[in-house]
Amino acid sequence: MSPPGTAEHYKALVDMGSNGIRFSISDLSPPLARVMPTVYQDRCGISLYDAQHHAGERIPIPQLVIDETVAALLRFKKITEDFKVPTSRVQVVATEATRTALNSDTFREHIENATGWKVDMLAKEEEGRIGAMGVASSFGSIKGLVLDLGGGSIQMTWMISEAGKVETSPKGAVSFPYGAAALMMRLGEVGIEGHASLRQEMSANFETALQELGVPDTLVKDAEAEGGLTLYLSGGGFRGWGYILMSLHSITPYPIPIINGFRIPKSSFEPNLEEHFSHPDSTFRISARRASQVPAIAFLIRALTQSVPSISYIYFAQGGIREGLLFSSLPPSIRSQHPLTAVTQSHAPPSSARLFHMLTKTIPQSRNPATATDPPAALISPVMLASTTNLLYAHGSFPKDIRAAAALRSTTTGLLGNAHGLSHTDRALLALI
């Protein structure tokens, strides 16, 4: 990817979630604004949700945790100054854990007095909408149900996203108190004997939400034709589950160690982890804290699959609140770009348009009668072909000994490794072509 742009295009964000606080600086300068390149990112493992629960009781956020949070924000403020991010382009947002804290006002006042930054509190519905926009940023197009799993809650809505036009339920997103940490606590409270009743409650609430969201007929018809609805999952809990499923994949080791764009069929979505996976904390990208929440996430998924009548495929997305805020701030002309062509355009040779036209004419459009296989045109979309054309000479300056190897790895650890919004199919095809 190209070098970063000027600081006037930088956007610094602090996402104060339930399980941790995330800091990032993104470069929204053209021509790469659609993939929202990250020039700095960090995470502080302060769990605002855990901090408010002690011995089974709800308590205010302790002063020690407030001080630790302020210290982390002051450190990030120094970093934004080093990167020369304009003060007007720094935003601090807070979600469920801060919104419902007993001393929320005091907590936010401490932050503003120490840093000069006001904390933007996202309403429950707004949190769901922005989270959905983060998922929209993670793919070229979307048609299906979107779920964002946090520590305290989970949001559900439907989405149709095509060429930058994002349509969701007029009711926004429905929020449930079944976040990974919250559900883990609830399971402990009800005990084994209460699990069946809790699962029934969750399934009933999910079914009611689907009716309230008003899934459009076009989405229902597409689901019927394709064997079920497609689910798009975001949030740390779901991503952790995705990494576990990646480690259990039939292809071992799985060649694309990036969670965004990872796809599985429903049959692989809910394996018996007790049989297949006894040590989730030893899995790539699974922390001890996330591993402890695996039983709760598994419980949630079983309740979810019982309530959604038909599911075909499940996609995992990296996009969340941070990506949703950034994507929402982009003009429609930028959001309409396909992430694959946006990220490869800067590598395009001057003759890319003519090369694209020539390659289009050479690709067979009909089935091979000898093998009865689909034509290459069915696999290589115009977007994929244009991106391939853009990258034809991207590795031309490399020593000839490593050109092929560098191109093969270009979509995972090379030029496009950190490009946001690419599916695993995109990365694999582009690397192999």
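A residue counts as buried when its relative accessible area is under 20%, and as exposed when that area is over 50%. The model is a predicted one. Val85 has a relative accessible area of 9%, so Val85 is buried. Val85 sits in the loop between α2 (63–82) and β6. Setting aside neighbours within four places in sequence, Val85 is in contact with Tyr10, Ala12, Ile25, Thr80 and Val90. Another pairing across the sequence is that of Val85 with Thr6: the two are 79 residues apart along the chain, while their C-alpha atoms are 9.3 Å apart in space.

Next comes the sheet. Its 5 strands run in the order β3-β2-β1-β6-β7, forming an open sheet with mixed pairing. At the edges are β3 (38–44) and β7 (119–121), each of which pairs on one side only. From one strand to the next, the twist averages 20 degrees. Within this arrangement, β1 (residues 10–16) and β2 (residues 21–27) are antiparallel and share 7 bridges. Lys11 has Ser26 in β2 as its bridge partner.

Which helices pack on the sheet? One is α4 (residues 104–115), which touches β1 and β7. The direction of α4 makes about 150 degrees with that of β7. Another is α13 (residues 321–329), which touches β1, β2, β3 and β6 (90–94). The direction of α13 makes about 145 degrees with that of β1.

Is Glu96 buried or exposed? The relative accessible area of Glu96 is 15%, and therefore Glu96 is buried. The side chain of Glu96 makes a polar contact of 2.5 Å with the side chain of Arg99. Beyond residues up to four places away in sequence, Glu96 touches Ser18, Glu127, Gly152 and Ser153.

Technical notes
Residues numbered from 1 in each chain as written. Predicted model: local features only at pLDDT ≥ 70, side-chain atom pairs only at ≥ 80, totals over all residues. Heavy atoms only, no water. Pairing = 2+ DSSP bridges. Helix = DSSP H or I, 4+ residues; strand = E, 2+ residues; numbered from the N terminus. Axes fitted to C-alpha atoms, helices over the stretch in contact; angles between N-to-C directions. Contact = heavy atoms within 4.5 Å. Buried < 20%, exposed > 50% of the residue type's maximum accessible area, 1.4 Å probe, protein only. Polar contact = N/O pair within 3.5 Å; in protein donor to acceptor, adjacent residues only side chain to side chain.
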